[in-house]
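Please keep the sequence and the structure in view while reading.

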Amino acid sequence: MGVPGRIRSPWRARVWYERALSLGDTGAHWSMAVLILEGEETPEAIELAMDHLRKGAQAGNLIAAKDFAVYSYRGWGSPAEADRLLLEVHAWAKRNKTERGGRERSLVLKALFEHRRARAFEPPAPPQVAEAKAELARRQALGLEPGLESRDYALRRVKADQISRKNLKRLEVAAARGSAHACGRLGCYLGQVWKEGPGADLDRAIPLVRLAAAEGSITLKLAVGTLLIRRNGPDDAAEAAYWLRYGAERYPQAANMLAFPFSEGRGVPRDEVSAIAFWHLAAGTFPEAAARAGESLVYGLHAPVDEEIGIEMLQRAFEEGNPDAADILGTCSDEGVGVPQDGAKAEMYFREAVVKGVLTAALELGFLYFDGRRIDPNPAEAVKWLEKAGAVDSGQALHLLSVMVYRGEGTPRNVERALDLFARAQADEHLPSLFNTLEKEVLRVRPAAVRQRDFAGMIRRAEEAAAEGDADAAFLAALAHWNGEADIPRDQDKARTFFRIAAEAGHVLAKACLSEALRQNGETEEADEWLREAAEAGVGSRLDS
């Protein structure tokens, strides 16, 4: 917009912007790019404008980075470079500790995940779409009966959950005669899109809403995607992803539902980067999305590390009753990630998570009480929570519980029950239970209440010793990373590295564990070689016949 009373002159503006750049005003890069793109979008002009946006982003300009990402998606630049520039701007804003820096971090994160959403896999149209369009055309060819169209239109003022039998019959007739509105209204009523309940008839509802969605309504595309996710049939996830992509940009509900197929690889290629992006876009509305998005920022899971914003998201999700947020906040309090280490808070969060059905938190409570990590050790409480975790066949819980029951820690000694628990841990392919005996594990595992408090520090020292060729230290580090013990995040790639160090140094049990770790990674040929070496050294295996 020009100055009032003056003639707008792009040429003169360009001269002033160039002078501003020569004086060190990096913000002028964005202004220059906008000015260039207001003219003809020739290849030379586009290249020059993108260069200005690139330089502006490199100088920490958020708007320049956002626009570079938008134009990259159009094909004017490299999406990978846009991703990198947005991450650099986030790092710049993170170093800027002012209030403005905090606001800019939130804005650049939004831009980053919008950019990644736009780049996510777009499912091809399933055959049901063409079939729906053909069926709708066939019905419309029949022609509406006189007066039917006006009666159908009148029904638009009737609330979806208050349709009478008479009006329902009218909708059925109008739908049969090709009214897209009637198909959508009737299908949403039968599927209880607006008021979900036990009486929903998804098999009747989905084809009707699909007919209406094929006509082009984004709201109905979201509705058919929602119904397909609810039905969860063999091919429903792939079709749901197709319909939900239309609404992911505008509707948090669509983004939230799309995240799960991408995260689990149901109907679309598994893509954690896209899943995290969709969860971030839905985080402001859905607590479960906020929990996943917050975790990604705290731990840097396919996202830049931003503990402050991540903890805020987790706290908000926890206050809204999300159990996963309670579990993640418990881990953060236990490990001191994003918040001060606090055993009492970790215990509170884990208990809340267990009450709401997250039984993996029971395992963490068992470890807290067994180790005495920043709380008083209590073997009896450890047994109580390990029993809960073992009820869902958690190999880690069953392994530690079997050792405690065998030794009589926190519970009366019962050798027969301990052996049964250990066998269940082996069935869950827990390492090293799979290749060891209970008697040897009883000797290897430190007694309750005397285990080193600083487990993470102990593992760091073990990793340093492993680098010097210490086989026992390498085996200890490998188990910690494989099982995700205590303060150590689960990292099977790192575990395989340490298993290999120990195995190559002659650690017999490490050879057996390495064989299993490689087998689970699809490296069967090498896995068999290590298993033979372990068997020759006398280590038994579940593959023995």
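**Briefing on the predicted model**

Helices α16 and α17 cross with a left-handed sense. The structure described here is a predicted model. Its protein chain contains 29 helices and zero strands.

**The chain as a whole**

- Of the 545 residues in the protein chain, 49% are buried.
- The accessible surface of the protein chain is about 26,400 Å², and carbon and sulfur atoms contribute 50% of that surface.
- Among contacts in the protein chain with a separation of 6 or more, 54% are between residues 24 or more positions apart.

**The pair α16 and α17**

- Helix α16 spans residues 287-299 and helix α17 spans residues 307-319; their axes come within 8 Å and cross at roughly 155°.
- Because angles over 145 degrees count as roughly antiparallel, α16 and α17 are roughly antiparallel to each other.
- On the α16 side, the contact is formed by P287, A290, A291, A293, G294, E295, L297 and V298. On the α17 side, the residues that meet them are E307, I309, G310, I311, M313, L314, R316 and A317.
- By class, this contact of α16 with α17 comprises 11 nonpolar, two polar and three charged residues.

**The loop between α16 and α17**

- V305 is located in the loop that joins α16 and α17.
- V305 has a relative accessibility of 37% and therefore counts as partly exposed.
- Leaving aside residues up to four places away in sequence, V305 touches H90, K94, L297, V298, Y299 and G300. Of these, L297 and V298 also belong to the α16 side of the contact with α17.
- V305 and A91 are 214 residues apart along the chain, yet their C-alpha atoms are separated by 9.1 Å.
- H302 is found in the loop between α16 and α17 as well. Its phi is positive, at about 55°, although H302 is not a glycine.
- The relative accessible area of H302 is 41%, so H302 is partly exposed.

**The pair α18 and α19**

- The axes of helix α18 (residues 323-335) and helix α19 (residues 343-355) come within 8 Å, with a crossing angle of roughly 160°.
- α18 and α19 are therefore roughly antiparallel to each other, and their crossing is left-handed.
- In α18, the residues in contact are P323, A326, D327, L329, G330, T331, S333 and D334. They meet K345, A346, Y349, F350, E352 and A353 in α19.
- The contact of α18 with α19 has, by class, seven nonpolar, three polar and four charged residues.

**Residues in other loops**

- N232 sits in the loop between α12 (218-231) and α13 (236-244). The phi of N232 is near 60°, a positive value in a residue other than glycine.
- N232 counts as partly exposed because its relative accessibility is 48%.
- E409 lies in the loop between α22 (395-407) and α23 (415-427).
- Is E409 buried or exposed? At 13% relative accessibility, E409 counts as buried, since the cut-off for burial is under 20%.
- Not counting residues up to four places away in sequence, the residues touched by E409 are F370, P379, V383, M404, P447 and A448.
- P432 belongs to the loop between α23 and α24 (438-444). The peptide bond leading from L431 to P432 is cis, with omega near 5°.

**The covered helix α13**

- Helix α13 is mostly covered, with eight of its nine residues buried.
- Which residues of α13 are buried? They are D236, A237, E239, A240, A241, Y242, W243 and L244. This list includes the charged residues D236 and E239.

Note on methods
Residues numbered from 1 in each chain as written. Predicted model: local features only at pLDDT ≥ 70, side-chain atom pairs only at ≥ 80, totals over all residues. Heavy atoms only, no water. Axes fitted to C-alpha atoms, helices over the stretch in contact; angles between N-to-C directions. Helix = DSSP H or I, 4+ residues; strand = E, 2+ residues; numbered from the N terminus. Parallel < 35°, antiparallel > 145°, perpendicular 65-115°, else oblique. Left-handed = near helix turned anticlockwise from the far one by under 90°. Contact = heavy atoms within 4.5 Å. Buried < 20%, exposed > 50% of the residue type's maximum accessible area, 1.4 Å probe, protein only. Areas by Shrake-Rupley, 256 points an atom, 1.4 Å probe, with all protein chains shown as cover.
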